[in-house]
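Subject: Structure for you to look at

Dear colleague,

I am passing on the structure we spoke about, and below it you will find my notes on a few places in the chain that I would ask you to look at.

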Amino acid sequence: PSSVPGRFIGRYEVVSAEQSDGGDYMFTVGTKHLLKKNFGSVTVLTKKVLLEFTKEQGNMTITHGETLDWTVDIDFYPSKPTILIYRVKDYMWSKITTGVRLGVVPTQFNATSEVTRIRLHFFKQIATYKDEGEYMIIVAGNGLNRKSSFFVAVEEPPTAKELENEVTGFTDSFMENGLEDEPQRDLPRFLRKLANTTTAERGEKVALTMVALGGQPFMISLYKVEDNSERLLASASPTPNT
């Protein structure tokens, strides 16, 4: 159970992944009269070189005069990659060299390699309209190339009347807890499903996570799908009161 009543989290972990752990998986949630299925897959890699974005920045909108702050994480092995950051606006490319900090997160170990994570942090105290545009991060190393991009929009500050209307029109709703206000007869249901593909190197830990909502006792099950058959890995029956 999670901190939100009626909301449950199903998580299955493999501490050290092997090739046999790759394949398709299925979570189910259901009652006597209703069963819902959710499929995902796991890919276990054997290569010993790594370069990937483990945390990417999504599109963001800020107000003129606010702080512009974003963070990206990059995992690599064995050699430190070259990192280039650009802002693209009106088809013009501007290389960013100020306001960027590179920090190394504590090293992660797995059975085949020693992975290092770089935390790329950009901070500007006061943003202007010149900061609007598409930000592109290009990393290259270990024979690999990766690219991540997102858009920053800078808007006009709200007027005093707009601020007053925003405060007056605010109402509480289930959306504060990530719950949609819809008929309860469809419960249980998935609030967050399995990722379409989960990737890990051989020897790494694999975690499959989903979030389900149910207002009555129901069953959560996880299956490994093999050769058109389903092998039960784990099952639990949480209740809103547990």
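The side chain of Thr-54 makes a polar contact with the side chain of Arg-117 at 3.4 Å, a polar contact being a pair of N or O atoms within 3.5 Å in which, within protein, one must be able to donate a hydrogen and the other to accept it, while residues adjacent in sequence count only if both atoms are side-chain atoms. These two residues are 63 residues apart along the chain, and their C-alpha atoms are separated by 8.7 Å. Thr-54 belongs to strand S4 (residues 50-55), strands being DSSP runs of E with at least two residues, numbered from the N terminus. With a relative accessible area of 33%, Thr-54 is partly exposed, that is, between buried (under 20%) and exposed (over 50%), using a 1.4 Å probe and protein chains only.

Please bear in mind that this is a predicted model, in which local features need pLDDT of at least 70 and side-chain atom pairs count only at pLDDT 80 or more, whereas totals for chains, interfaces and linings use all residues. Residues are numbered from 1 along each chain as its sequence is written, and side-chain values use heavy atoms, with hydrogens and water left out.

Some backbone details also deserve a look. The peptide bond from Tyr-77 to Pro-78 is cis, with omega near 0 degrees, and Pro-78 lies in the loop between strand S6 (68-77) and strand S7 (82-89). Tyr-91, in the loop between S7 and strand S8 (92-95), has a positive phi near 65 degrees although it is not a glycine, and it counts as exposed at 81% relative accessibility. Asn-142, another residue other than glycine, has a positive phi near 55 degrees, but at 19% relative accessibility Asn-142 counts as buried.

Notes: Helices (H or I, at least four residues) and strands (E, at least two) are DSSP runs, numbered from the N terminus.
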